[in-house]
Amino acid sequence: MYNRDEEILEQYDVEIRSTAKGRGALSCETDKGTMLLKEFRGSKDRAAFLYDILKFLSENGFASETVVVTREGEAAAKDELNGTLYLLKNWYQGRECDVKNRDDILAAVKKLAQFHVLAKSCPNTHKTYTKWRFLVSNNHHGQTFSVIKSKLLNKVKNYIRNKNKKNQFELLFMRVYESYRTQALEVAEQLKRQLDNLDPELEEQMWGLCHGDYNQHNIILSQGEWTFLNFEQMVYDIMVRDLANFVRKILEKYNWNTGLGIDMITEYDKIRKLKQQELEQLYLRLAYPKKFWKIANHYSSSRKSWISGRDIEKLEKIIEQEPQRKQFLKMLFCFTS
């Protein structure tokens, strides 16, 4: 049978010398360097947008992946058999940000701030971005934080409550459910209140392009330069979204170390000065019990007849870390006041 990958690659003006499959993508050695062919779940308009913004970043000296256009000048190649879209991206070899290395962590935060500053200077305006429906975050005015996530937590709670025989995970979940639910509702209300009362001019300054999935796997050190990868989740949102996501992921690995957390925020602030309202946003996004929600979501979508020991470990860990997390949030609250 004819190789589908080869058929897709024939749409590009590159000479393929070798290929290797891995992690849902095809690594290609070409006459123009290393590239990566990957299925794209967005629209043609979104692919074209990614091409434009990544080209803008590259032309302005920001190290990141870029999208390769087809012979026809399209940002995404289409599999005519099933309609699936693919992106071919210039790729970089290097090592990921080492979460055990403090210098790497702070460098990643600094690079994130540089990305936000540069992306904000892109000729497109606030109105231009918001007209693209595929870019606007569904977090606007706290929608995701309140409605969707609260419904899932209630669904899981009701399911477990109605079980006659509960396993170790379910007993532990019910023991801490009310505490985390209260946190979630309080934060969601505060978040919505703050966003609803923002001055339009200030709101425009706070919003910008976000990577959308900023973590240690999507920034690598390549030839001595930190390089951004995997922009498929890019979204137009309040920019501290990226910072909050990265800070949370790192601090969960460091038992919510207050010193490291404040240093990360300070490093970002050196490059892109955070407004008071952004600091409040950052606090609220970190105060939301996202890890508890993620565990509940995984339980909800998995087989209930068998509970992974890993899920129990994760739940036990966040409960164990809760005092340190509250201490960090207390310090951050003072830092934002």
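N230 counts as buried, because its relative accessibility is 17% and buried means under 20% relative accessible area, exposed over 50% and partly exposed in between (1.4 Å probe, protein chains only). The place of N230 is in the loop between β10 (225–228) and β11 (235–238); helices (H or I, at least four residues) and strands (E, at least two) are DSSP runs, numbered from the N terminus. Phi of N230 is near 60 degrees, a positive value in a residue other than glycine. The model is a predicted one, in which local features need pLDDT of at least 70 and side-chain atom pairs count only at pLDDT 80 or more, while totals for chains, interfaces and linings use all residues. Residues are numbered from 1 along each chain as its sequence is written, and side-chain values use heavy atoms, with hydrogens and water left out.

Another positive phi, of about 50 degrees, belongs to Q223, which is not a glycine either. Q223 is found in the loop between β9 (219–222) and β10. At 82% relative accessibility, Q223 counts as exposed.

The backbone nitrogen of N230 is reached by the side chain of E65 at 3.0 Å. The side chain of E65 also reaches the backbone nitrogen of F231, at 3.1 Å. Both are polar contacts, a term for a pair of N or O atoms within 3.5 Å; within protein, one must be able to donate a hydrogen and the other to accept it, and residues adjacent in sequence count only if both atoms are side-chain atoms. E65 lies in the loop between α2 and β4 and is buried, with a relative accessible area of 1%.

N230 is also among the residues nearest the centre of the second largest pocket, together with G22, R23, L36 and W91; 18 residues line this pocket. A pocket is an open set of points, on a 1 Å grid over the protein atoms alone, with protein on both sides within 12 Å along at least five of seven lines; a cavity is a set of points where a 1.4 Å probe fits but cannot get out, and lining residues have an atom within 4 Å of a point. The volume of the second largest pocket is about 460 Å³, where a volume is the space filled by probe spheres set on the grid points, which are joined across faces, edges and corners. The strands β1 (16–22), β2 (25–30) and β3 (33–40) each supply at least two residues of its lining. By class, that lining has 8 nonpolar, 6 polar and 4 charged residues; Ala, Val, Leu, Ile, Met, Phe, Trp, Tyr, Cys and Pro count as nonpolar, Asp, Glu, Lys and Arg as charged, and the others, Gly among them, as polar.

Next come the aromatic rings. A search of the whole structure finds 16 aromatic pairs. Rings of Phe, Tyr and Trp (its six-membered ring) pair if their centres lie within 6.5 Å; planes under 30 degrees apart count as stacked, over 60 as edge-to-face and the rest as tilted. The rings of F62 and F115 have their centres 5.9 Å apart and their planes at 45 degrees, so this pair is tilted. F62 lies in the loop between α2 (44–59) and β4 (66–68) and F115 in helix α3 (residues 102–120), so the pair ties together parts that are 53 residues apart in sequence. Both F62 and F115 are buried. W256 and F328 form a tilted pair too, at 5.7 Å centre to centre and 45 degrees between the planes. This pair links distant parts of the chain, with W256 in the loop between α8 (240–253) and α9 (258–271) and F328 in helix α12 (residues 309–336), 72 residues apart. W256 and F328 are both buried.

Each of these pairs has a ring with a charge over it, which requires NZ of Lys or CZ of Arg within 6 Å of the ring centre and within 35 degrees of the ring normal. The charged end of K111 sits over the ring of F62, 4.5 Å from its centre. The charged end of R325 sits over the ring of W256, 6.0 Å from its centre.

The whole structure has 1 cavity of 30 Å³ or more, and about 120 Å³ of space lies in the largest cavity. Of the 14 residues that line the largest cavity, E252, W256, K291, I318 and R325 are the closest to its centre. α12 gives the most to this lining, with 4 residues.
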